[in-house]
Amino acid sequence: MIRALKTLRAVQWAMLVSVLLYVAVGALVRPVARTVDPAVSYIFTTLGVAVVGVIFVVRRTLVLRAAESLATRPDDAISLNQWRTGYIATYALCEALASFGLVLRFLGSTLQQSVTYFLGGFILLLFFRPRVPGSL
């Protein structure tokens, strides 16, 4: 359990750093500013909302159920794998949300238009830090 928790914290911190790198790359590279088709903006907004919804579904179906099982049986390998998989899937979805901001930035949107995706991914990564089951 402790090893899985340390691994998840390392993954979380690596992904937090990568979101900051996305922001830095988006700010430093400065793609040619041009108007982005509003349909593309709507698509990314819809995808962003869908990703956040999927994050909460993954948390409820994988992480929380496995955490309940691990609280009573901490040596259950299947529940531990499900718990770890749920966190990694959550972190990957948070990273995907932040990557939407980088993609929009390279499509020509301003940093102000992309920052909501960067912030959303970063804040969700911070919010969903791995916790020992039983302390949820």
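Visitor: Where is the place of serine 109?

Guide: Keep in mind that we're looking at a predicted model. Serine 109 sits in the loop between H3 and H4.

Visitor: What makes serine 109 count as buried?

Guide: Its relative accessible area is 4%, and buried means under 20%, so serine 109 is buried.

Visitor: What does the side chain of serine 109 reach?

Guide: The backbone oxygen of leucine 104, at 2.8 Å. The serine 109 side chain also makes a polar contact with the side chain of serine 114, at 3.1 Å. The cut-off for such a pair of N or O atoms is 3.5 Å. Leaving out residues up to four places away in sequence, serine 109 touches Arg34, Val36, Leu104 and Ser114.

Visitor: On to the rings. How many aromatic pairs does the structure hold?

Guide: There are 6.

Visitor: Why is the pair of phenylalanine 44 and phenylalanine 100 called edge-to-face?

Guide: The ring centres are 5.6 Å apart, and the limit for pairing is 6.5 Å. The planes stand at 70°, and over 60 counts as edge-to-face, so that's the label.

Visitor: What does that pair tie together?

Guide: Phenylalanine 44 belongs to helix H2 (residues 38-72) and phenylalanine 100 to helix H3 (residues 77-107), so the pair joins parts 56 residues apart in sequence. Phenylalanine 44 is buried at 12% relative accessibility, and phenylalanine 100 is buried at 13%. Ring pairs also link Phe44, Phe100 and Tyr117 into a cluster.

Visitor: And why are phenylalanine 56 and phenylalanine 128 an edge-to-face pair?

Guide: Their ring centres are 5.7 Å apart with the planes at 75°, so the pair is edge-to-face as well. This one links distant parts of the chain: phenylalanine 56 is in helix H2 and phenylalanine 128 in the segment after helix H4 (111-127), 72 residues apart.

Visitor: Which residue forms a salt bridge with aspartate 76?

Guide: Arginine 73, with the closest N and O atoms 3.0 Å apart. The cut-off is 4 Å, and the count by this rule comes to 1 salt bridge. Aspartate 76 is buried at 17%, whereas arginine 73 is partly exposed at 45%.

Definitions and conventions:
Residues are numbered from 1 along each chain as its sequence is written. This is a predicted model: local features need pLDDT of at least 70, side-chain atom pairs count only at pLDDT 80 or more; totals for chains, interfaces and linings use all residues. Side-chain values use heavy atoms; hydrogens and water are left out. Rings of Phe, Tyr and Trp (its six-membered ring) pair if their centres lie within 6.5 Å; planes under 30 degrees apart count as stacked, over 60 as edge-to-face and the rest as tilted. Helices (H or I, at least four residues) and strands (E, at least two) are DSSP runs, numbered from the N terminus. Buried means under 20% relative accessible area, exposed over 50%, partly exposed in between (1.4 Å probe, protein chains only). A salt bridge is a side-chain nitrogen of Lys or Arg within 4 Å of a carboxyl oxygen of Asp or Glu. A polar contact is a pair of N or O atoms within 3.5 Å; within protein, one must be able to donate a hydrogen and the other to accept it, and residues adjacent in sequence count only if both atoms are side-chain atoms. Contact means heavy atoms within 4.5 Å.
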